[in-house]
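Subject: Structure handover

Hi,

Here is the structure for you to look through. My notes follow below it.

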Amino acid sequence: MSGLEITGLSKSFGGVCALDDVSVAFPHGKINALIGPNGSGKTTFFNCVTGMIRADSGRITYRGQDLTGRPPHRIARAGIGRSFQLCRVFPRMTVLDNLLCAVQPRTLRAKAGRSHSRAETERARHWLTRMGIDHLERAEAQNLSWGQQKLLELAGVLMSEPETILLDEPAGGVNPALIDRICALVSELNAEGRTFLVVEHNMDLVMSLSHHIVVFDRGWPIAEGPPSAIRSDEKVLGAYLGV
Ligand SMILES: Nc1ncnc2c1ncn2[C@@H]1O[C@H](COP(=O)(O)OP(=O)(O)OP(=O)(O)O)[C@@H](O)[C@H]1O
Ligand SMILES: [Mg+2]
């Protein structure tokens, strides 16, 4: 089934070409991975797809809907959620309030938590339980470990019930036990019908988790296919080893 389809996407920053006429498609219903060396354009790709930065050219469609040039909230409404490479949580708010803010950012000014419905609070608790951090709901987010903050951010993404989730380095800097939990969650959420696009440098994770992998090198897709094909692709080995 057609999912996210990108055609001719380009983005330069001054003289740096971060994305160079990229055309790729990510099948719906799968765990897709986007890998590549540092600076190969992965985060820029996420930023363009989610409307956080405007591409210089190219077309973005999602399940047949043209999302090119749409602002972030329209892309979110189309069913695409994302996490950030450098986790975005509100450090001095409680874990629970972080999630309630994820559904109603306006409440930031209006004493977070007070104006939320019981249903929203229950939903927030549901996701905290799924992430295994429900016991921390009253803790300030800044007191969570990095991995727990990543789980909190993922719970925040899930609050808006996206059908497709873009994760930028979910395992980066996370301890091995929590990496296992993040992997298990991604698999479970995928089995429940959610599509993933995961940027990650942890190759064991990528190879064990993904159904389909796209490899970027210098702003350009150099290979795509299942893990078995990517693992032995000479262009991919060359890009990583710099030969
Ligand atoms: N806002 C920006 N201003 C200037 N240059 C930028 C900006 N964002 C990205 N770049 C440049 O674009 C290129 C691609 O960067 P990007 O962050 O997309 O890479 P990445 O594949 O996510 O790397 P990493 O694996 O290190 O996170 C790099 O050369 C980077 O320096
Ligand atoms: Mg990045």
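Between the two domains, 11 residues of domain 1 are in contact with 10 residues of domain 2. Contact means heavy atoms within 4.5 Å. The model is a predicted one: local features need pLDDT of at least 70, side-chain atom pairs count only at pLDDT 80 or more, and totals for chains, interfaces and linings use all residues. Residues are numbered from 1 along each chain as its sequence is written, chains are lettered from A and ligands numbered from 1 in the order in which they are written, and side-chain values use heavy atoms, with hydrogens and water left out.

Domain 1 covers 1–79 + 164–174 + 191–243, and domain 2 covers 88–161. These bounds come from an automatic or database domain assignment. The C-alpha centres of the two domains are 27 Å apart.

The domains bury about 700 Å² between them, 54% of it on carbon and sulfur atoms. Buried area here is the accessible area (1.4 Å probe) that two parts lose on being put together, summed over both.

Two salt bridges link domain 1 and domain 2. The term means a side-chain nitrogen of Lys or Arg within 4 Å of a carboxyl oxygen of Asp or Glu. Glu192 forms a salt bridge with Arg130, with 2.9 Å between the closest N and O atoms.

- His201: a polar side-chain atom lies 2.8 Å from an oxygen atom of ligand 1.
- Gly41: a backbone N or O atom lies 3.0 Å from an oxygen atom of ligand 1.
- Ser40: a backbone N or O atom lies 3.1 Å from an oxygen atom of ligand 1.

Taken alone, ligand 1 exposes 630 Å², and the protein buries 61% of that. Accessible areas come from the Shrake-Rupley method with a 1.4 Å probe; for residues, only the protein chains shown count as cover.

Best wishes

Notes: A polar contact is a pair of N or O atoms within 3.5 Å; within protein, one must be able to donate a hydrogen and the other to accept it, and residues adjacent in sequence count only if both atoms are side-chain atoms.
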